[in-house]
Every structure is written in C-alpha cells, then in structure tokens.
Amino acid sequence: MRAYVIRRFIQMLFTLYVLASVLFFMFRIVPGDPTLMYVDAAIPKEAQLVMLEQFGLNRPLGHQYLLYLKNTFQGEFGTSFYYHAPVARLIPPMLISTLLLMGTIITLAFVLGAVLGTLMAWRRGSRFELSMLATSLAFRSAPLFWTGIMALLVFSYTMKWFPIGGMHTPGQEFAGVLDKYFNLDFLHHLILPSLVGAIYFMASPMLIMRNSMLEVMGEDFIEMAKAKGLKDHTVMFKHAMRNALLPVVTVLSLMIGFAIGGQVLLETVFRWPGMGREMVLAIQRFDYPMAQASFFMLGVIVIILNFITDLLYGYLDPRVTYR
Amino acid sequence: MKKNLSPESESGHRSPPGRNPWYRWLKRTAGTAKFQLSLLWRDKIGMIGLIILVAIFLVAVFAPVLAPHDPMETMTRPDGRIARMVPPSWQFPFGTDRLGRDIFSQVIIGSRVAVFVGLISAFMVVFIGTNVGLISGYYGGIIDDILMRITDIVYGIPFLPFAVILVALIGPGLFNIILAIVLISWRSTARVIRAQVLTLKQRAFIEAARVSGASNFRIIYRHIMPNVLPLSFAYGALSMGTAILTEASVSFLGYGDPLLISWGKIIFMCYVAQAITVAWWWVLAPGLAIMLVVMSGFFIGRAYEQVVNPRLRER
Amino acid sequence: MALLDVRHLKTFFRTQAGDSRAVDDVSFGIAPGENFGLLGESGCGKTTVAKSLIRVLPKNGRIVGGQAEFEGQDLFALSEAQMRKIRWRGISMISQSAMNALDPVYRVGDQIVEAIQTHVKMPRSEALERVRELFGLVGIDRRRSCDYPHQFSGGMRQRAIIAMALALNPSLIIADEPTTALDVIVQDQILRRISSLQKQFDASMIMITHDVSVIAELCERAAVMYAGKIVEIGNIRGVLKRPYHPYTMGLKNAFPSIYGDKQDLISIPGSPPDLVHPPEGCRFNLRCPFVTDRCYSEEPPLREVGADQFAACHRISEAEKLQALSDKKETWDRPGEVE
C-alpha cells in the first residue's frame, strides 16, 4: 500500500508541474507583450521595473520559466491589476467558498447517485428504475447554467423559498472563519446551488453504479453469499455494493474535472464568491495575474482531489495495491 | 433473427469480389452502417435518440429555409412599435428578445452551431481516442506507459476553465472552441478503448491472425478495431453531448463565436440584458433545445453500451 | 429415514423464447452419510437441481413443482426467512468456480467468519479460531486467514471454499464440479480430501460432475441426468458397470481408461435438445443409437432394472445386447440404425 501511495504522490507532483508549465506557455502564446501579463501598465514606471525584475521578464525565456516555477511553488502570483493587492492574499477566502460548494455537490451527487443506482439495479425493470433513468438523464442533458437559472427563477424569484444567489445576505460581519460558515444563513444560500449541481452530476455515478451492480450481481460470490444464508440487504450492501463501488470511484476522478467546470458556471449564475467565478471575472477585466492564479488553483484542486480519489480506490480495492 | 451481435465475433464482413479497392471499401462501409443501424434498432430508446438527432441535423441543414424571420432582424408589431420582449404567441412561438428579434428563428439558426460542434467534436474525439487506445493497448510497454501518462496528466487539467482560458487567449472563434474541446475530451475514450483492447488482445482469433502472418497494422485495424467500434460509438455519442454543453457554457460565459448564433449565446444575451426575471421564454427555449440534442446523444450512447455489455440489456 | 427426499422437482427458466424446462420431474433420495453422484453433461440441469434445493436460483428461474423433504421439512414450502436458517447450516455448497466464489474485497477468513456468525452467536475471536482449525483440516497454512482471495492460488481457494462449507457442520454438502477448474494433480488431492472430510464430519454429499471417473471413485449411488430428466439412477456398481440407459453407456465410453486395451474414445454425436421445446417422447431420441419408433412418441418412465437400479428406456429388456453393442465405435456413428 505504501508503494502505491508514494507512486501516486509523485505522479501528483509531476502533474502539478505540467499544469504550471502548460499555464506558462499558454500565456506566452498571446500575441503582444508578455510583460502585460504581470505588470499593470497603469502603475508608475519604477514599480513596473521592480515587477519586471521580480518576474524576470527582462531575462531569457528559460530563465523566466525557472523563475516562474519557483514563484508558483512559493505561492507568489503577483499583484492583481483589479484589486491592487497581492493575489496570494486574495485567494484563500475564494478557495474556501469554492471548496465548500464543490464538496457539498460532489458528496451529494456521489452518495445519492450510488444509493439510487443500487436501488435501480435491485429493482430491475421496474417503473422506479425507468423514471430515475429518465429524470437523471434529462437533468444531465440540460446545461447546468440553464438549470441554475430556471431554479432561481422558480424557487427564488417566484416562490421566494431561497435567496437570489450570493453566499450570505449582504451586510454582515463575521467574527472568524467558523462563524462565517457555520450559520443558517450560509446554509440557506448553499442549498439551491448544491441541489442544482448535485442533480446534474448525479446521473453519472448513478448509471455507473447501476450498471456495475448488474454486473456484480451476476458474479459467483454473490450467489455464494446468498447460499450462505445472508439476508438480502446484507448481500446487496455489504457485498454487491462494495464491489460495484469500484468503477464508480474511478468515475469520481473524471467527475471532479467536470465538477470544476460546473463550479465556474454555478458560481457565475448564483453569484457565489468562489475561485471559478473569479477566474471568469478576472479574464473579463484583463486582470492577468488573477486569471492565471485562479486557473492554476482550480487545476490544483482537481489534481489533489484526484490524488485523494486514487487513495480511496486503493483502499477499497485490495487487488490494486499489490502490484 | 439469429444474428450473432456480440462484439466478440470477428468482423464477419467478406470483401465483395472484383472491381477496384474503393468500391470494395464502400460496400464494406455500407455493410457496417447497416450493421450498426440494426444494433440500434434493437434498443427502442436508441432509435428515438437517432431520430431526434437526424431531425435536428435536418433542421440545421435547412435552417435558413425553416426560420420564419431573420434572427438578427428587429421585428415590429402590427401597430408599428418594436416587438420588444413579447411572450410566446402565434406570431412568435418562442417570443422575442429585448431588441425585438424573433427567438424561434434564433433557435433554428442556432442549431447549426450545435450540430457542427457536436459532430465534429465527436468525430475527432472518437478518432483520436480510439487510435490512442488501440495503439496503447496493443503495443503495451513503453508506448502504453507514455500514452497513459499523458492521459493521466490531461485528467488533471480542468475542462471548462481550460476551454475558457484558451478561447480568451487565442480568440473566441468556433474552431478554437472545438480545439479546446478536442484537446481534453479524447482522454476517457482512450482509456476505455485501451481496456477493451487489453481483453481482446488475448483472444484466440488475434493469436490466429498473428500466426497467419498478419502485420500489426492489419491486426489492429482489421481485427481488433471492428470489435471496439461499438464502444467508440458509445463514447462518441456521449462526447457529442459534452461538446455541445461545453460550447453552450463557453458561449454563456461570453466567449462564444461573436459572429454566430448558438443556443448558449442566446441565453448569454438574455443574461447580459438582465432580462431573465422578466422574459422566461428567452431562456427556456434554447435550454430545452440543448437538452433535447444532448439527451438524444445519451440515448444512442446507451444503446451501444448495451451492445458491448449484454448484461445491461433489458430482459 | 432419508436425509433428503426430492419428489418430482420441476424448475423452469423464463427466456425470451419461452420457458426453458431445465429440470423436468426429477426425483431422488439421499441417506445420511451417503455420497450421491449427479452425473451429466453441461446444461443437463444438475446444477439447477442443486440451486433449487437451497433456493438460490437467478431471477428468471422458478421452482414450478415438486417437494424436497430435508430432515423432515419441505424446503419449497418454507418462507424465505426459514430457508435462510437452513442454508449453510443444514445444506452447504462447494461451487464450481471457487475462483469467483470469494468476495475479492474482503479477507478470506472474514468471509468464513461471516458464514459462521450469520447462524451461530459466536464472538469473532472464537470464530477465527474455528477458521484456523478448518484451514488445518483442508491443508491451508493457518496464518493465511487474513489474506485476500487474490493472494490464494486456485487450489487454495478451492480448499478455502471447502473449509467454509464445513464450518457449520452441515448434514448435506453439495459439491458442484468442485475440481473441474483445477489441474489433474490438484484435482486428485482435493477429491481425496473431500472424501475423507465427508466421512470425518459424517455428512451426506451430492457430487455434481460430468466426470465419470470422479463419480466412480467417490460415490455410493448416482443419478444420470439428461436434458432435465433422470435417465438412470441407482447404486454405483450397477449404473456404471451395467448401465441400462444408452446415454449412460455412451458416457462410459467417453472417458479414457489407463488400464485395459487401447480403445478409441467414442463420443456421443449431436447435442442436447432445446429445453424450451423439448422433443416428444424420450429426450435422448435424436442421439440414441438404439432409438425405435416408440421413442419418438412415448416418454419412457423410470423402471426398476435391478437391485437399487432404475432406468428410463423402452429397451431395457435388451440391455445386455445393447451394452455389448455400445462398446463398439460403429454403433455410435449412425444413431437409430441398430435394430
């Protein structure tokens, strides 16, 4: 197991490195002066020269690359053109907002999907199965931002059950991080976007779980479990589901990459102050340092979550860790 | 009808005799097409998906003829005023937008972008993904390692943010959007095809082909590929849906092609005009259109999935 | 008193083409401590009989008729909850593919503990001790109870399954092709062990196999099944040495013998009939070298042909002549040509 963890960890570091490099070269494709990426043309000349020096923009490309990697590793992303503050300081609260919403969505989607998928397989061919199939596919086919807009229209504007976006009711002061997120107001704002997201992302784990369960239920060890005299629900949950879970966890990694995209859309529609929304805004504002950092952080989230998923899979499937 | 439809069977198409190789290839492709259709026919839902897809395709092809008005033209009411924000009516089935333009026409014309993006992306993804999967799975060893490492790394790049950034950097054009989609989407197809190839590689008929002196190229493309094609098509249908959704998302965020109307762009324009709360019809129609097309892609994908995995078949 | 008395068991499977009559009126009895063989080619219904007894048929299978009296209770009349109590405790099963009979994500020892604890209130430590004891009996290193199935070799997995089958001291063990997937040497070891353990635990056994040699070595009585029906049943000497049913005669020929003169292997040409639309009359009529007109219209009932031997054939009176003919290869080349 330890070798597996180490291997995956090294791979994670390598992927982070590749991500940073991709970012570096992508921003150099842009025609025009690459220094505009880092240095706000509006700030005074001396300040500009200082920044040029810091980011090595007056040095050869190879040098710049190494300096860039060093800066990224240390979390030095420059100063935001828009906020006029170090990007590194602006990121953490946005990161937390994004993680909270995304975490809720993924957990809900995964848990609901797995349970419903199991039930679908157990009740093969029933109306329940078909209706679940149709509903989840329908929601998966509709664009996430559209579902969000419709949800806001119906539940927030018309029925007034939920607030119209945002993370908190405006005009509040908080004592600290815990106070900020552990309150009912936050929860009230969290519900609609997380439900919209969960319904969208639920389809995949649900269908995979159902298919996986159908395969597993035909396996000999399931029959053996029944022959041993185990109760039906024991067979279903302890043996079938546990085995069927494996492909679903694989899909989880895939889902995370898409979930980040979903975050961008949901945060925009619901005006949730997270990393995704910030990235879009930053691009619109030509706030390059912020845009780069946001994109990088989103990538980091995906990569780290993928690593955790890999660990989870290794824990669930003992065959994988014994190479 | 006792046809052997399991993917394990060899591609049982005999080459039609005589004439030149192109004729033979055409005949064989037609045979494959008929075969694929018969696969879909078994699954009613897959057929529905195919019908919807064909319908939308036809709408896209004949869009200029089908659209009652010019989507960019400001419409006027009988009394001379501009038909701004008109709810759905006989004259304007989907209503009008803030500039008085007919949304029904916009949706019809918008289908062209959807179909184009969907089909091209699906094709490219299937092409690249299948080939990577075939080569990686068949040759194994270092080639497999390298290709799989690349796929693993691509998994680490978040899809939509990458598309947005790329488009923002190199310009919001349709081809750039398709480029972004294709660059990332081939990874899942490649993985899955590779897994399938790994199991097929060990089958007896591959051994037989090798023993009879077939070249690697021939083994891969003549023997293995036809057996993974249903899986490729399944993922192709699915990636068509993803591509359309991605294009819609990119357009919604404001980075769609400025010269073209797409369904995502229609919703974007409503959002930007801050008219969502007052003109629900503006948003409803294009969203439903997207849902319809993507769902048909899923139906087709499911049908193929059932071919590959017979245990999923109903009854 | 018989341990198990099966009467007129009928089990059908729902298929797209209709109901497949996989087990069609099968009756047999097993005494306590007896090793009973169920012999036949794949698809003849022997595994279905086993699964019907413990009622673990797949979703499209159902028991259409018959009774199975086990230790005084009709298994088919019990509720699911009552049946669960009997499973494993009264009747356990060693299945065909031990490779896949163990759940890959749980440790082997834990799975046996699970079987034990489902039926008996026993603390985990005690159950684990029992597992180690059982491992010793079947010949697995006692320390390996905390390993996962994929860490066991094929033979070891089979032994683990046997250990699990014995865990609750059942009165009846069903062994369904327990050694088919193993190589010959391991086969021999396992079979010997099964045999000695059966005697040690004083359990009855149903040995299901298509391998005549296995039945010949281990069983006291046997039934030969074909296309869902029992065609011959009785004590082993009679059935294998002096078979009265042509199919049994054919089975004998299909297996090589190390002793004796060099014979060509004679196989029975043709394949089993469609069980959704079984043929009228005797089900073996299309492949039988001794078939007559009567065999196409009238189904032969099981008739007593000797001391504890029954066969279902219209020509049992000519059995000696047919037995001699069945040894010759030419007999089998042309079905129905022998008058």
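Of the 315 residues of chain B, 46% count as buried. The model is a predicted one, and every value discussed here is computed from it. Chain B contains 11 helices and 0 strands, so that its pattern along the sequence, by the definition of helices and strands as DSSP runs, reads α-α-α-α-α-α-α-α-α-α-α. Among the contacts of chain B between residues at least 6 apart in sequence, 71% join residues at least 24 apart.

For contacts in chain A with a separation of 6 or more, residues 24 or more positions apart account for 70%. Taken along the principal axes, the C-alpha atoms of chain A fill a box of roughly 80 × 55 × 40 Å.

How do the chains meet? There are 2 pairs of chains in contact, and chains A and B share the most contacts. In that pair, 38 residues of chain B are in contact with 41 residues of chain A. On the chain B side, helix 5 (141-155), helix 6 (159-170), helix 9, helix 10 (263-272) and helix 11 (280-308) each supply at least two residues. The largest share of this side, 9 residues, comes from helix 6 of chain B. By residue class, the side of chain B that touches chain A divides into 27 nonpolar, 7 polar and 4 charged residues.

Helix 6 of chain B is mostly covered, with 10 of its 12 residues buried. The buried residues are Phe159(B), Leu160(B), Pro161(B), Phe162(B), Ala163(B), Val164(B), Ile165(B), Leu166(B), Val167(B) and Ala168(B). They pack against elements of two chains: helix 1 (2-29), helix 10 (232-269), helix 11 (275-284) and helix 12 (288-316) of chain A, together with helix 7 (174-201) and helix 9 of chain B. After helix 6 of chain B comes Gly171(B), whose phi is positive, near 110°.

For Val224(C), neighbours within four places in sequence being left aside, the contacts are Leu39(C), Gly40(C), Ile230(C), Val231(C), Glu232(C), Val239(C), His245(C), Tyr247(C), Thr248(C) and Leu251(C).

Attention now turns to chain C, which includes an open sheet of 8 strands in the order 6-7-8-3-9-10-12-11, with mixed pairing. Strand 6 and strand 11 (303-306) of chain C are the edge strands, each pairing on one side only. Neighbouring strands of this sheet are turned by 20° against each other on average, direction ignored. Within the sheet, strand 3 (residues 35-39) and strand 8 (residues 204-209) of chain C pair in the parallel sense over 5 bridges, and Asn35(C) stands opposite Met205(C) in strand 8.

Ser92(C) has Ile173(C) of strand 7 as its bridge partner. Both faces of strand 6 (residues 91-94) of chain C are covered, with Ile91(C) and Met93(C) buried on one side and Ser92(C) and Ile94(C) buried on the other.

The contact of chain C with chain A takes 21 residues from chain C and 18 residues from chain A. Helix 2 (80-86), helix 3 (98-101) and helix 4 (108-119) of chain C each supply at least two residues of the side of chain C that touches chain A. Helix 4 of chain C gives the most to this side, with 3 residues. The side of chain C that touches chain A comprises 10 nonpolar, 6 polar and 5 charged residues. Chain B and chain C, by contrast, do not touch, and their nearest C-alpha atoms are 8 Å apart.

Key:
Residues numbered from 1 in each chain as written. Chains lettered and ligands numbered in written order. Predicted model: local features only at pLDDT ≥ 70, side-chain atom pairs only at ≥ 80, totals over all residues. Contact = placed C-beta atoms within 7 Å. Helix = DSSP H or I, 4+ residues; strand = E, 2+ residues; numbered from the N terminus. Nonpolar A, V, L, I, M, F, W, Y, C, P; charged D, E, K, R; others polar. Buried ≥ 20, exposed ≤ 12 C-beta atoms within 10 Å, placed from the backbone. Pairing = 2+ DSSP bridges. Axes fitted to C-alpha atoms, helices over the stretch in contact; angles between N-to-C directions.
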